[in-house]
Amino acid sequence: MQQEPIDPAGITWMRVSPQYAKVRMVGWGISALITLVVLSVPLVLQLTGVWPGYPLWLGIGLPAIVLIAELIRLAVIPRQVAAIGYAERDDDLLVRHGLMFQKVLVVPYGRMQFVDVAVGPIDRMLGLCKIKLHTAAADATAEIPGLPLAEGTRLREQLAARGESRLAGL
Amino acid sequence: MPHTQDDTNTREPWHRVHPVSPLVRGWIAVVAIAFVYGQNTLSSFIEPELSSPEDGFMMGESLLIPILIGSGILIVILLGFLGSWWFTKYQITDRHVNVNSGMVFRKQRQARIDRVQSIDIAQPLVARIFGLAELRFDVADSGSAAMSLAFIKLSEAQELRNTILARAAGLKSSTGQQHTEVSTQLTTVMDPETTTHLQTSLPQQVPSPAPTSAGVQTQQASERVVAMVPLGRLIGSLLLRPVAIFGLVAIIAVGVAMSMVEDFRPLFLLPGLLGVGGLMWKHINTGYNFKAATSADGLRLSYGLLDTRHQTVPPGRVQAIEIHGPLFWRRAGWYRVAVNVAGIGGPGAEDSEERSVLLPVGTYEDVLAVLSVVLPDPGVQEARDFFAAAINGTGQDHGFTTSDPRVRPLSPLAYRRQGFAVTHTALVARNGALHRTTVIVPHERTQGIRLSQGPLARRFNVAEVGLATTAGPVTPVVKQLDVEEARALFLSQSDRAALARKKFDTNHWLEENLHDEER
């Protein structure tokens, strides 16, 4: 995995399954389709003569621009997925996200309040799951999507065990 | 009453809240129903003149029916109140507070005493008239589910608070006896000499009390007032808020503009004035007679004009502290101190805004005095100079690392001020040029650390480091730090936090080695 300038030194990141890109793409497909359909409504109305006053260039231009933007988003998805990484250290878990807006989060095991494992319908088809580590602080919720089920289970057990042994108050 | 829960201690007696409490809580509803109903009934008697004269004959009869219906409704409401009172019971054991409530849907709630984050005695106006109080007990959940005993006698509430705090402190007695001893001991520690010493040369450590013996009987841990807010300063501070200034300017402007028009009446300005006035009133009502005091139980806050509240925040419950110096207050030298305490600041928590304030408006000395209580050990030499640099300073003095001058285009004013310093006990983040803020997060309270960078920041080779804390008004963040420094801070701070966590666990603040027993 490529090291970004923001990444702390001396960390070996584990990456999530590249399969996860498919999950993201399905999500992208649904949202892009809805947006495009909604934006194309005026064009259809204009062409069918219901709303003749609507300018044709706007009717074509707006969906076209959005379509380009959505296609760029689609193209970036595999790289975004590749940018997700996590690393287990002795006392804490590190999670990184993002290409454009990069973010690295460290959450101490002892601060962990509970762990969620979530599996969506497409996740299930691909044998993936998502782990969410909650702390008392809402903005310190570490989320690792796109883990293979076995790895997700291992990580959950590992987190629970380490959380137990390093449990701190609040 | 069946007590199915295992942890319910059958030896401790169960108590009921005061019988009038449902009325105190529901009086608005009762008055509203009475008003609406009464008005409807009465108006049907005043109106008849308009309708046919025969209706007049019916008067004697028709008066009876509404009265019957009215008293019927009243009886049902009173029965409901009686039932809700009867089925609300509470019990305080060595480790838990249990509250059972609900008539149809029964609810048993249990909270661990050693998890108490803050404990309040609140007296809304009506409860005050009856001499009653609500005891609120916050644990560290996401907010809404604080335990509340409403309403009990004020003296009872105070006694319960002392008992709970004594048990939370880790004293295993079933009475407040030992606690009393501790508090007396603390009183002797906090003699006037210490007091003046504290106020002149700040954050010397407030001596942490050890349970040893002493003799005098006091009912509650004695307090020493560290800061007060005089009414004049409170009003002054409200007038110097941007809302007030812009509000008044807007009203005057509208007034002038309207007076150009014919048939202008000053009455037209009333809504605007009411809006600004209402906001002011809210702050005066909550900030009136504000007092911050220290005691063995931690920081005690009391405030309120009509509705009063006494808040106790045990030591080690404060997750983050913010000292805010707005531009308009600078000339007067005033600051505001707010904190994050788990369970108080959450989005679902009641009155979270006012309950998170340690000092609504205070002088520099007041700020230092309050700080010395919530952050007994600042972990630096020459704490006074350090805090001067933290609260108002710029540049790299006193261990501060600031943004590189190259971020000047991004923050033309703040770049010399924004930065951080690390002491032995806490991380201090400094931000803002016009409205200055200083945020302090004790190392052992760090919940997580964020390192983030957007596209613009990447161009300037800077990054932002944020510390995660529980929900509340304080957001600790170090902005626009050089990437190298940000990365170093990210790693070193997580190590410091891990180390501090191992050293401290403040669940029971008067007892050591509780850890083994607890789990």
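Tutor: Strands (E, at least two residues) and helices (H or I, at least four) are DSSP runs, numbered from the N terminus. This is a predicted model, where local features need pLDDT of at least 70, side-chain atom pairs count only at pLDDT 80 or more, and totals for chains, interfaces and linings use all residues. Residues are numbered from 1 along each chain as its sequence is written, chains are lettered from A and ligands numbered from 1 in the order in which they are written, and side-chain values use heavy atoms, with hydrogens and water left out.

Student: Which residue stands opposite A:Val106 in β19(B)?

Tutor: Look where the chains meet: β4(A) and β19(B) run antiparallel, joined by five bridges. In β19(B), the residue facing A:Val106 is B:Ile449.

Student: What is the order of the strands in the open sheet?

Tutor: Seven strands take part, and the pairing is antiparallel. Within chain A, for instance, β3 (residues 92-97) and β4 (residues 102-108) pair over six bridges. The order is β1(A)-β2(A)-β3(A)-β4(A)-β19(B)-β20(B)-β21(B).

Student: Why is one side of β1 of chain A and of β21 of chain B left without a neighbour in the sheet?

Tutor: Find β1 (14-15) of chain A and β21 (477-482) of chain B. One side of each has no neighbour because both stand at the edges, each with a single partner strand.

Student: How much area do chain B and chain A bury between them?

Tutor: Start with contact, meaning heavy atoms within 4.5 Å: 34 residues of chain B touch 30 residues of chain A. Buried area is the accessible area (1.4 Å probe) that two parts lose on being put together, summed over both. Carbon and sulfur atoms hold 55% of it here, and the value is about 2,600 Å².

Student: Which residue of chain A meets B:Arg450 in a salt bridge?

Tutor: A salt bridge needs a side-chain nitrogen of Lys or Arg within 4 Å of a carboxyl oxygen of Asp or Glu. The count between the two chains is one. At 3.4 Å, N to O, the partner of B:Arg450 is A:Asp139.

Student: Which element gives the largest share of the side of chain B that touches chain A?

Tutor: β19 (448-453), α13 (455-459) and α14 (483-503) of chain B each supply at least two residues of that side. The largest share is nine residues, and it comes from α14(B).

Conventions: Pairing = 2+ DSSP bridges.
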